[in-house]
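Thank you all for coming; please have the viewer open while I talk. I would like to take you through one structure, slowly and in two parts.

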Amino acid sequence: MNRDNVVEALQGIVGAANVDSEVVVRDWSPLSLKGVLDDDAGRARAVVRPGTATEVAGVVAVCRDRGVALVPIGARSGVLGGALPGGALGLDLTRLDHVGEIDRENLQITVGAGVLGGALEAQLRTEGFTLGLYPQSLELASIGGWVATRASGTYSGHYGGVEDRLLGLEVVLADGTVCEIPAMPRCSVGPDMAGLFVGSEGTLGVITAVTLAIDPLTEATLLRAVRFSTLQDGLDAIRETVQGGVHPAVVRLYDAEESAMLRATIQHEGDGCVLLLGFVGPATVAAAEEAFALEAAARHGVVDLGREPAHRWDAHRLRVPSGFRALTETGVLADYLDVQTPWSCAPRVYAAVRAALATHCDTAVAHFSHVYPQGTSIYFVVSIRAATDAEAIARHQQAWDAAMSAVVSAGGAIAHHHGVGRVRTPWADEAMGGALPIWTRVRAALDPDGVFSPAVLPASPRATDA
Ligand SMILES: Cc1cc2nc3c(=O)[nH]c(=O)nc-3n(C[C@H](O)[C@H](O)[C@H](O)COP(=O)(O)OP(=O)(O)OC[C@H]3O[C@@H](n4cnc5c(N)ncnc54)[C@H](O)[C@@H]3O)c2cc1C
């Protein structure tokens, strides 16, 4: 590649002020955040900030023609290093910040991929609407990033994940074609083309605009905290609730250790496993759902802790990012591992992953959230206090290796909502199982020259030379 020519060509498309040469990109993956990741992972030949889909198409065409790999970058809140360019060109999409009119009749809105979730939610709320998607990183993440990583939020039991809110999108393909996939409530013409880009992590195309469903703000939000003596009691109660046909918007069952850690925030009393529940909707519906869930909990010896602890959690839940950063600044390497499991394997997956993590981490606690009739996600929070950066990096890698092997052996799956990124790519082939041949062909067909994100997800033709 003739670097000067490429930079000059990119400047010609987006303007010189929107091209930075030789920068190191950081995201929220712990090693990157802590600054101990080697700079090669974050290094970008250049970071380009296009302002329109046409400019994105121009940049993609330059990269394809000159043989330059490209990594889409949203708001950099990813926790697995997916947005780190690794020597490729970084395509920063945060200037795609157009917010369309609220479509009140069809309950939807179209926005640029670079719009931040928190800003959009705040704007919608002033008009009486909500996106219904509340990842803890609401203020930090872009809408395009949500789609690219298959994000999910704390009220997912009612609103679903981003895949349930996505109606249509605009995407730029590797040959520079700009495709607009129309927003429809449902359409039975072929496979779900918008769905193809959900969780694609920048490997199939650059998402430039997204149409999402919105909801009117609900009449009632009922939050409740309860406590069980054992984790199994709590698991049985939430399984019986969702299998009985009631889907609380919020379900968070903490193991005894995380319940104890939670005391400082929600000020609950007593030992055991805390369950936070939330119900939204018309007041009568929310009340009936809550009564149903509490009946299931009562069959398993529940202690009602009332509404206050749950309200304290709700008030704090979006402050997690500053706590995470503060912890990192004190020298602790903190990380989150989201996995999932069918109900039949849940106790085994929990025990196996916790044991694997405990071998390499100073603390490893967990909660169960994002609950379905067929199973649940488990979210492990770990910390590593190492004497040197080298030790922290080594133990972090060992912890991931041990946890991913443990979850697969115990019958679970390696990811629920954070995606794959650079960190989980070594396990992605196996995790795709029988879908791998389809994935490999789709990726090769859409990006035959391996322009997009070669180091993320399996089977890019350029994975070895990025
Ligand atoms: C404190 C904290 C809490 C979090 N809580 C949650 C949570 O509750 N739920 C949850 O799901 N996630 C959570 N996350 C993870 C993160 O916020 C999500 O993965 C988010 O969706 C990433 O969006 P982003 O815009 O920051 O993407 P980035 O980090 O910039 O990129 C992530 C990946 O998406 C690709 N990408 C980004 N934008 C585009 C685009 N427009 N087109 C194509 N590819 C693109 C990138 O190439 C990369 O592979 C949390 C993160 C932090 C730091």
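I will begin with the surroundings of the ligand and then turn to a pair of helices.

Please keep in mind throughout that this is a predicted model. Around the ligand there are 41 residues, and among these Gly 74, Gly 78, Gly 82, Gly 144 and Gly 145 come nearest. If we ask which elements of secondary structure build this shell, at least two residues each are supplied by strand S3, at 70-73, helix H6, at 143-149, strand S9, at 206-213, and helix H14, at 320-329. Of the elements, H6 gives the most, contributing 5 residues. In terms of domains, both domain 1 (3-95) and domain 2 (108-216) provide at least three residues to the shell around the ligand. By residue class, the shell divides into 21 nonpolar, 17 polar and 3 charged residues.

Now to the helix pair, which is H10, spanning residues 231-243, and H12, spanning residues 283-298. How do their axes cross? The axes come within 8 Å of each other, and the crossing angle is roughly 140 degrees. An angle over 145 degrees would count as roughly antiparallel, so at its own angle H10 is described as oblique to H12. The crossing of H10 and H12 is right-handed. On the H10 side the contact involves Ala 237, Glu 240 and Thr 241, and these meet Phe 292, Ala 293, Ala 296 and Ala 297 in H12. Sorted by class, this contact of H10 with H12 has 5 nonpolar residues, 1 polar and 1 charged.

Key:
Residues numbered from 1 in each chain as written. Predicted model: local features only at pLDDT ≥ 70, side-chain atom pairs only at ≥ 80, totals over all residues. Near = placed C-beta within 6 Å. Helix = DSSP H or I, 4+ residues; strand = E, 2+ residues; numbered from the N terminus. Nonpolar A, V, L, I, M, F, W, Y, C, P; charged D, E, K, R; others polar. Domains from an automatic or database assignment. Axes fitted to C-alpha atoms, helices over the stretch in contact; angles between N-to-C directions. Parallel < 35°, antiparallel > 145°, perpendicular 65-115°, else oblique. Left-handed = near helix turned anticlockwise from the far one by under 90°. Contact = placed C-beta atoms within 7 Å.
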